[in-house]
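Visitor: I have a structure to look through. Please take me through a few side chains.

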Amino acid sequence: MADQAIKAGQCVSQLRCIGCGRTALPDRFRCEHCRDLLEIIYPGWEGRGPRELDQASLKRLWSERRSSLEPADQSGVWRFREILPEIPEQQVITIREGNTPVYELTHCAKSAGVGQLFAKHQGMNPTGSFKDTGMTVAASFAKQAGYRWVACASTGNTSASMAAYAARGGLHSLVLIPDGKISWSKLSQSLDYGALTCQLKTDFDGCVRVLNEVVERMPVYLLNSVNPYRVEGQKTVAFELLEHFEWEPPDHIIVPGGNLANSSAIGKALREMKQLGFISRLPKISVIQAEGANPLVRTIRETDGERLIPVHADTMATAIRIGNPASWKKALRVIRETEGTVEQVSEIEIALAKAEIGAEGIGCEPASAVTLAGLKKLVKQGFVKRNESVVLVLTGHVLKDAEFTLKFHRGDLFEGTPYESESRKLKSHQRSPLVLDPNVEAVIELLRSAEQ
Ligand code: F0G
């Protein structure tokens, strides 16, 4: 990458190992010396700023691009290109990702016990999840580097996103997903976008193990989130969010935790914003996991972050059904730097929070709802104060897992599970579809009783 990063004799981005700190490493995903993950740094920023622009000029430029008709300017990722690795514009694969809405959630604020609550809805991206913001950068890099094949292991959203960007960029894509453990909508996306899709009889962590060997032996470019270009794209969500709040940071940002790249990316963005003088204080970043897929929570509580405790993951929030998260060290660093925390939530708490976000006319997939469920706990513990500003990062669209939603409203989501009796308390949030004769009186009667 160092070669590509050199433009007009100036090195703008470099790979650095997060463990040993070595820089200018070859373009791989782990350090050849200590096997830790790599991250992208921008030595050229020191003293001069990105592309020698100060923060006022950058803010103006990024905002002006919103009214441009150029594809790269219309992308909520590439309009921030000064803080991304350089990729020639003709190699950029964009489906106009990013530029996602921030919604105020008034009812959820009440139920969580805070004065004001916002959701940055990354599910409003082209393939319905936050993965698109990272994929546009990493897939573009793969194209520029001359790869014909890209590949990922996935719980469904990465694969949907990768398949779409590969198709748009004329690349072939290989998807490894756990058989029977991802939502049908996500699987259908990867088929529709033309990926070679394999359902392996294992879990996500097993898919990762297989893929790591495949990419060692074949000229296939890995697009999992250990790829530092993914993280660079994903960090733009924080720039967008701060731009929305006119560069006044919220007190808390709450993120779901799976493979732990998203929290890492948001933390990296905030660190860079502070370094560049865009903000003077860091919001606290807290990561929420499902109780059944809680390796980071256990790692922090049981080893004080010394070593990862992998778990055998199980949760209905299939997107975050991950027991051995690759980016745990990066996420840990972000939580410590920003003085955030970790929390875990139960299956019932996730289902309730998802229904509450849906009832606001917004909706999200189960993995995103852990943020609201986690916030409720953080408020009770006093970690989040009533008067503090909070942003939930909703990572996936409500249509990503329609089966979960239907089962929830029909009341059979927890049937035959250990949560069956506890799930009765969700009744008041369930709206089962009604089957009626095609009879006007029957519908009017129903309408009247609903009015009361
Ligand atoms: N939310 C959703 C909807 C996701 O799809 C994922 C991860 C996460 C949260 C967790 O993000 O891994 O950066 O901590 N999905 C992956 C996939 C792993 O393959 O689609 P993370």
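Visitor: Which residues is E356 in contact with, leaving aside its neighbours within four places in sequence?
Guide: This is a predicted model. E356 sits in helix α14, residues 347-358. Beyond its sequence neighbours, the contacts of E356 are C108, S111, L372, K376 and H429.

Visitor: Is E356 buried or exposed?
Guide: Its relative accessibility is 14%. Buried means under 20%. Therefore E356 counts as buried.

Visitor: How many residues apart are W62 and W247?
Guide: The structure holds 14 aromatic pairs. W62 and W247 form a tilted one, 6.5 Å centre to centre with 40° between the planes. W62 lies in helix α2, W247 in the loop between α10 and β11. The separation is 185 residues.

Visitor: Are the rings of F118 and F245 stacked or edge-to-face?
Guide: Their centres are 5.2 Å apart and their planes stand at 75°. Planes over 60 degrees apart count as edge-to-face. So the pair is edge-to-face.

Visitor: Which parts does the F118 and F245 pair tie together?
Guide: Both residues are buried. They are 127 residues apart in sequence. F118 and F245 tie together strand β6 and the loop between α10 and β11.

Visitor: Which residues form one aromatic cluster?
Guide: Phe and Tyr rings pair if their centres lie within 6.5 Å. One cluster consists of F29, F141, Y147, Y221 and Y229.

Conventions: Residues are numbered from 1 along each chain as its sequence is written. This is a predicted model: local features need pLDDT of at least 70, side-chain atom pairs count only at pLDDT 80 or more; totals for chains, interfaces and linings use all residues. Side-chain values use heavy atoms; hydrogens and water are left out. Helices (H or I, at least four residues) and strands (E, at least two) are DSSP runs, numbered from the N terminus. Buried means under 20% relative accessible area, exposed over 50%, partly exposed in between (1.4 Å probe, protein chains only). Contact means heavy atoms within 4.5 Å. Rings of Phe, Tyr and Trp (its six-membered ring) pair if their centres lie within 6.5 Å; planes under 30 degrees apart count as stacked, over 60 as edge-to-face and the rest as tilted.
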